[in-house]
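Hi everyone, thanks for coming.

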Amino acid sequence: MKAQALLDHPSNPGDLEPLQIMLARLADLETRYDVERGRIRESHADDALKHRILALLDLRYRAERQSLVLRLAELHERHRTDLMGLRPTRH
């Protein structure tokens, strides 16, 4: 299920707050990464230094993003499991 579909689900809104927080953190990371890349590219440093700095930035970004995505997946699975547990069973 896509993230937006989770946010639009009619379950208890309080259940979605952790997912919304993680999605916001992921969006913030993406924005910070884009801004920092632009700042580095526009700097007056020589190209070799820019390349090294961008490589370090990419490593840090990927590590942070992976951590957030894994946490988001855990929250999604927990939310999905909770929803399945709330559904009445047929006899």
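Let me begin with contacts, meaning heavy atoms within 4.5 Å. Among contacts in the protein chain between residues at least 6 apart in sequence, 63% join residues at least 24 apart.

A word on the source: this is a predicted model, where local features need pLDDT of at least 70 and side-chain atom pairs count only at pLDDT 80 or more, while totals for chains, interfaces and linings use all residues. Residues are numbered from 1 along each chain as its sequence is written, and side-chain values use heavy atoms, with hydrogens and water left out.

Now the layout. The protein chain has three helices and zero strands, in the order α-α-α along the sequence. Helices (H or I, at least four residues) and strands (E, at least two) are DSSP runs, numbered from the N terminus. Of the 91 residues, 23% count as buried; buried is under 20% relative accessible area, exposed is over 50%, and partly exposed is in between, with a 1.4 Å probe and protein chains only.

So which aromatic rings pair up here? A search of the whole structure finds one aromatic pair, and the rings of Y33 and Y61 are stacked, because their centres are 3.8 Å apart and their planes are at 15°. For the cut-offs, rings of Phe, Tyr and Trp (its six-membered ring) pair if their centres lie within 6.5 Å; planes under 30 degrees apart are stacked, over 60 edge-to-face, and the rest tilted. Y33 sits in helix α2 (residues 13–42) and Y61 in helix α3 (residues 47–86), 28 residues apart. Y33 is buried at 14% relative accessibility, and Y61 is buried at 13%.

On to charges. The structure holds seven salt bridges, each a side-chain nitrogen of Lys or Arg within 4 Å of a carboxyl oxygen of Asp or Glu. One of them joins R65 and E30, with the closest N and O atoms 2.9 Å apart. R65 lies in helix α3 and E30 in helix α2, so this pair ties together parts 35 residues apart in sequence.

Another links R32 to E64 at 4.0 Å, again from helix α2 to helix α3. E64 also meets R60 in a salt bridge, at 3.5 Å from N to O. Through shared partners, R32, R60 and E64 form one network.

Last stop: V69, in helix α3. Its C-alpha is 7.7 Å from that of L26, 43 residues away in sequence. V69 is partly exposed, at 33% relative accessible area.
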